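I am opening a notebook on a structure that is new to me, and I want to work through it slowly. The entries below follow the order in which I looked things up.

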Amino acid sequence: MKIWSLRYALAIALLPSLAFAQLVKKDSTTERNYFDENGTMRIAIATQSHRPGSGGKNALDGPEVMADGGIQDLLRSMNATVRTSSAELSEREQTEYGNWRKMGYANGRLADNVMQNEVDGYFTVGFLASCPSSLGMLGGLQQSLTSTDTSSVSILWLDAHADYNTPETTRSGSMGGMPLAIANGLALHQVRRDSKLEPPLPASHIVTAGLRDVDPMEQHLLDLARIQNISVDDIRGLTQNVYDQMDALSKVSDKIYVHIDLDILDASEMPFHNYPTENGPTSHELAALFKDIFQKYPKAAAIGFASIPANDPDDIGLKAVNRMVVGAVEGIKIREGKM
Ligand SMILES: [Mn+2]
């Protein structure tokens, strides 16, 4: 008798605080801040090593090289705790014979890790084997949101290429040229769903940046969808267009993923990428952009990089990646008053 009444009393006493906890939990944007009570930033490095094809002309070395290329010590020297995860296929998934299906599975595992990082209050830095891994980054951010009613993630896509081809418009047949179209729900729905991105992103949740090598049919699709672009000159000059586009993404979404194909860099910093492209921004200019974006836009929630070439003389590409990660982290520290 006595125990029962004690239980009731406890339950009644706890009810208001439980209800309050629920309310607080719903507001994910104010709850998230990536710092512990001592002001130490929590950063998670998430690697995903599976790619949809052979990797093109040059094998790209990518995720492990980026994760073990000095960035962890660099971040710790900036008063951060760093943890790592890698997206591992289950035994059943490993038996899958199809490379595209496997890509979706690997993205699903990446999505699990990114979601856990968000739940635990860790800022995710993705080191990715190729651009289709961006679907797993988006999937993880979407899964971390408390409501499944809307697609509240958006993407800033920095790349010399739009990667907005579909199986209809592609000339190469490479899935590496399709991830943004897949994220937008134009094609390969099963890959997107395996990446845990459902529903897809509306076109208004997508902004590209630094494009300078777009296929004509791909450009037609971009024009139809009215997808906005931040030019290389906008990046260099931090022009009003940067803020207009970031304002637009902030307005329609709860979490913004910043994705970088390293071939956005000028060929002088990425000489052995599969598709080196001239007239790109430098890593210094991009680091300044990321510092500014992550400082000014609290919804900017993760950053991911794909991928550095195995042939990287003097670690020039690796140093560029580290510089850009530091830029983003500095921006977050400023926005949270920790710098
Ligand atoms: Mn590219």
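This is a predicted model: local features need pLDDT of at least 70, side-chain atom pairs count only at pLDDT 80 or more; totals for chains, interfaces and linings use all residues.

Entry 1: I looked up Gln142, which is found in helix 7, residues 134-144, and because Gln142 has 27 C-beta neighbours inside 10 Å, I noted it as buried. I also looked at Gln142 together with Asp254: the two are 112 residues apart in sequence, while their C-alpha atoms are 9.1 Å apart in space.

**Entry 2: the chain as a whole.** I then stepped back to the protein chain, whose secondary structure comes to 14 helices and 8 strands. Of its 339 residues, 47% count as buried. Among the contacts in the chain with a separation of 6 or more, I found that 75% are between residues 24 or more positions apart.

**Entry 3: confidence.** The chain averages a pLDDT of 89, and 87% of the residues score at least 70. I marked residues 16-30, where the pLDDT is below 50 and where the model has 10 contacts beyond near neighbours in sequence.

**Entry 4: strand 3.** How many of the residues of strand 3 are buried? I found that 6 of the 6 residues of this strand, residues 123-128, are buried, so strand 3 is largely enclosed by the rest of the structure. In a regular strand the side chains alternate between the two faces of the sheet. In strand 3, Phe123, Val125 and Phe127 point one way, whereas Thr124, Gly126 and Leu128 point the other way, and all are buried.

I next followed the partners of this strand. Strand 1 and strand 3 run parallel and are joined by 6 bridges, and in this pairing Thr47 stands opposite Phe127. Strand 8 also pairs with strand 3 in the parallel sense, over 5 bridges, and there I saw that Leu128 stands opposite Ala306.

**Entry 5: helix 12.** I moved on to helix 12, residues 240-252, which has 13 residues and reaches 19 Å from its first C-alpha to its last, close to the 18 Å expected at 1.5 Å a residue. Which side of this helix is turned inward? I noted that Val242, Met246 and Leu249 are buried, and because they cover an arc of only 60° around the axis, they sit on the same side of helix 12. The face turned away from that buried side carries the exposed residues Gln240, Asp247 and Lys251. I then looked up what the buried residues of helix 12 pack against, and the list includes strand 4 (153-158), strand 7 (255-261) and helix 13 (283-296).

**Entry 6: the largest nonpolar core.** This core has 89 residues, and those with the most contacts inside it are Ile43, Leu138, Leu156, Tyr257, Val258, Phe290 and Met324. I took Met324 from that list for a closer look: leaving aside its neighbours within four places in sequence, Met324 is in contact with Ile260, Ser283, Leu286, Ala287 and Phe290.

**Entry 7: backbone details in the loops.** I looked for cis peptide bonds, and one of them joins Glu198 and Pro199, with omega about 0°; Pro199 is found in the loop between helix 9 (189-194) and strand 5. The peptide bond from Ala306 to Ser307 is also cis, with omega near -20°, and Ser307 lies in the loop between strand 8 (300-306) and helix 14 (316-335).

Phi of Tyr34 is near 65°, and Tyr34 lies in the loop between helix 2 (28-31) and strand 1 (41-48). Arg226 has a positive phi of about 55°, and its place is in the loop between helix 10 (216-225) and strand 6. Are these two residues buried or exposed? Tyr34 counts as buried, because it has 24 C-beta neighbours inside 10 Å, whereas Arg226 is exposed, with 9 other C-beta atoms within 10 Å.

Methods:
Residues are numbered from 1 along each chain as its sequence is written. Helices (H or I, at least four residues) and strands (E, at least two) are DSSP runs, numbered from the N terminus. The expected span of a helix is 1.5 Å times one less than its number of residues. A residue is buried if 20 or more other C-beta atoms lie within 10 Å of its own, exposed if 12 or fewer, and partly exposed in between; C-beta atoms are placed from the backbone. The arc is that of the directions from the helix axis to the C-beta atoms. Two residues are in contact if their C-beta atoms, placed from the backbone, lie within 7 Å. A nonpolar core is a set of buried Ala, Val, Leu, Ile, Met, Phe, Trp, Tyr and Cys residues joined through C-beta atoms within 7 Å. pLDDT is the predictor's confidence in each residue, from 0 to 100. Two strands pair if DSSP finds at least two bridges between them.
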